[in-house]
Each structure stands twice: as structure tokens, then as C-alpha cells.
Amino acid sequence: MSLGATAVEQGCRGRQGCRGRAGLPRSTGLPRSTGLPRSTGLPRSTGLPRARAAAGEQAEQGCPPVEPARPGTILFTLKAVRAILTGTARAVRPSQIVLQIMSLESKAPEFVCPQCRAPLRAAGARSECTGCSRTYDDTLAIPVFHPERAGSSEILARVMAAPSQATWLDLLPLLHPKGNVPAEPAQAQRWADERILRHDRFYEMFRRRSSELWPDAGRRIACEIGCGRGDGLPALARDFDHVVGVDVNLPSLVGAAKLVSERRLSNVTLVQASAHELPFPDRVFDYVQAINVIEHVFRPEHFFAEIKRVLAPKGIFCGDSRNRFDAFFPEPHVQLMWVGFLPRRLMGSYVRLRKGRNYGGVHLLSYFELERALRRNFGAECRVSLPDVRTYLPNVPAATARLVESLHASPRIERLALPVFPTHLALARG
Ligand SMILES: [Zn+2]
């Protein structure tokens, strides 16, 4: 399977928007005044750090300035003093010192070309690769690196045509065209709130499980791969100086931008890119997470290699992965038992026969496949683990949750349970 065939790249969970070339270029004439925040992008032409630029754009929209009361403030202050002293010692211009301080505050990495990884330079409103001369555009200030895989142009057009006062909640039915969002407003609000709470639980579980193996790698910059409509970003934005949300699906990212704006998450950057070709330099993230993504990756070793590349030394990766050989529950995408036990070449035909549906874009890994892909990239610095079932099922009986935790507490017993357990956690360290 080619990378382009993955559901991640097809927008399985929702993703973002570009201003230029393929997906929905400027030439399409789509409305630009949707009220969607420009605060999540990075105005390359200004040279300003992204967090600062984001705050400025929010102010333009009438939002009060955000006070980023994050724990890095003292460290930043010390670095700023050092920057001033260093600048003074080198007799540089005051403007350069200011830029140096601002770049310290901004923790977002500079983008690189996802094809050749050379730096980008501003070329008008576009970015141009200094290595291969490819150009990249924005949509609603979201950089778009793989417009050909940006998802449904029809859904994107609908999202971008939404009135400026539309809220994140208003956009969700457009991003969930299958009717998942309740029609009644109060129920829809509860549904949306539960999605964010669920992602909060994921983050807590990831941190808990990874902390059993390795110390925290720092809270400077995090990345969520497959951030979709943004449900997982608030938790990361609370904990990290800066957060980068990556998804291949442009419409979902436009929705995520609305959430980021409503919650005034001034430290979040959104970017449309493939998980297999991340537009970041090497070794930049303290933490990378991927929720409901690994099961849509057709070349998991390549996927983990990219994560390994962008993780800082000792940086942590956490993701979950539905087990191909889940013995207890139906396959979650098509609600069929035992699909994973068939040879891969027969799965699509079986699903079409039973459900009349296409089974493209799903590639569940077994425990052994997941562990092998991790080990080839991370060596001994990785682990497949049982999840905390309360993350998925908050109302699960306490006895069940305790049973799973007791299995997890004993590595040898856990290893016996993993081959048939519904979901795995993939944990790794850079
Ligand atoms: Zn390039």
C-alpha cells in the first residue's frame, strides 16, 4: 500500500486547510471570511514567532490577550536575560536582541520541506523549499504540505462557508457527516465535551504508563499526530509551552482551528502533513502522541521511524493501537467480529460481503507486528503495554479495571494477555 492510501492521510479522524495549491487553492474562490481563527498558523512573511503572532491575531479579532501562565516563564526570563547579555557582549543591534528573545519564547519548530528536509523561505505568501524549490501554501493560515491528500474538498468547502459566528460545536456536524453528532444542542454539547474529556483521559493514561518506564523528558514542545478536530489539544496546551497539531485532513484542522481560537490556546500551531513525511527538523519534540492513528498506518515501521526522527533525545512517544486479533469485541470500524483473523487479502472482500462497505484505510496490527515495528526503530527503548480500560470505558466495573491493572502489574502475565487484548499502548523513547 502506498502512503497515500492510509486512512490517516485520507482524514479518518478529521484534519485541516490550505491556502494554495492542490486541495482547495485560492483559485477555487472559497470564502475566506469564515471567522475561523488565523491564530493557529504561522505567518511566515513576518518572521515573528508563532506563539506571538498567534496572540497578535487573536487581539485583532477582539479577543483579550492570553496570559500564558505556563511553568516555563522563569526559565524564559533567565534565557531572556542571557540573550540580552550575550547580545550586548556581541554588540548586536537592539532589534536583533528583541528577535532573539521572541524566538526563545516561541517553542514551535521552524518547518522544513517534508520531501527533502531543507529549510523553507518565504516567497510572497508562500513558502519555498531552499533545497528542492517546492512551494507550499496555507489555508486559513494553516500550512499545507500534502494538499493532494487533504481530504474531502466538498467538506472543506462547507466548513469554510460556515458563517463567521459559527462555533466549534456548529462545525462538528459538518465534520461528522455520518450523523454522529446529536441534533439537540444540549446533547451535542455533552457529546463534544465527552470527546475532549476522553482525550484528556488518553493523555493522562499515556503519561502514567510512560512514567512507569522513563522520566519525563520535559514540557517544552509536544506534537499530536492525527489531532483531527482538536479534541486532544487542550490537554497538551495546558502542559506544554508549545503544541503542534498535525493531521492530513484539512477540513478537520479547520475545525480544530476554531476550537483553538475559542479556547484561546495561544501556544498551539496546526499543520497539514502526512504522518510519514513530517515537516519538522530532527529531534525537536519532548513528547509525541497519536490517538487512534496507528491502526490506519500501512507502513508502521516508516511511521515509527519518522517519530523517532523528530523526538528529542529521551523524548517520549505514546500511542494506542487496536489489536488485529481482538478476541472480545467487533472490529470497531465495521462492527464485525473476527475480521482480523482472516488473511489480509481476504478482509476487504469479507467486509464488503457482510456489510457492503469498503475496508480501505484500516490496517490493524497484532501485538507482535506492533512490537516488531517499534523495536526496529527504538531498540530496547520501547514497550507494548495494556491500556487502562477506564480511558476507553469510564463506567467499566471497578473490578474489571482492577483486573486489567493487575495483569499490567506483572510483565510476564501482561505478555500473555497482550496477543488477544482489544487495544495496545505503544510506548517508546527517543
Ligand atoms: Zn524540498
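These legends describe an overview and several close-up views of a predicted model. Residues are numbered from 1 along each chain as its sequence is written. In this predicted model, local features need pLDDT of at least 70 and side-chain atom pairs count only at pLDDT 80 or more, while totals for chains, interfaces and linings use all residues.

**Overview. The chain has 15 helices and 11 strands.** Helices (H or I, at least four residues) and strands (E, at least two) are DSSP runs, numbered from the N terminus. Of the 430 residues, 45% count as buried. A residue is buried if 20 or more other C-beta atoms lie within 10 Å of its own, exposed if 12 or fewer, and partly exposed in between, with C-beta atoms placed from the backbone.

**View 1. Helix α5 (residues 153-160) packs its buried residues against α6 and α9.** Ile 155, Leu 156, Val 159 and Met 160 are buried. Seen down the axis of α5, they fall within an arc of 130°, so they line one face of the helix. The arc is that of the directions from the helix axis to the C-beta atoms.

**View 2. Helix α6 (residues 168-175) packs with helix α9 (residues 250-262).** Their axes are 9 Å apart, at an angle of about 165°. Axes are lines fitted to C-alpha atoms, for helices over the stretch in contact, and angles run from 0 to 180 degrees between N-to-C directions. The two helices are therefore roughly antiparallel. Angles under 35 degrees count as roughly parallel, over 145 as roughly antiparallel, 65 to 115 as roughly perpendicular and the rest as oblique. From α6, Trp 168, Leu 171, Leu 172 and Leu 175 meet residues of α9, including Pro 251, Gly 255 and Leu 259. Two residues are in contact if their C-beta atoms, placed from the backbone, lie within 7 Å. By class, this α6 and α9 contact has 6 nonpolar, 2 polar and 2 charged residues. Ala, Val, Leu, Ile, Met, Phe, Trp, Tyr, Cys and Pro count as nonpolar, Asp, Glu, Lys and Arg as charged, and the others, Gly among them, as polar.

**View 3. Buried residues of helix α10 (residues 300-310) pack against strands and a helix.** Among them are Phe 303, Phe 304 and Ile 307. Their partners are β5 (221-225), β8 (285-290), β9 (311-322) and α12 (367-378).

**View 4. The axes of α10 and α12 cross at roughly 40°.** They come within 9 Å. That makes α10 oblique to α12. Pro 300, Glu 301, Phe 304, Ala 305 and Lys 308 of α10 make the contact with Ala 373, Leu 374, Arg 376, Asn 377 and Phe 378 of α12. By class, the α10 and α12 contact has 6 nonpolar, 1 polar and 3 charged residues.
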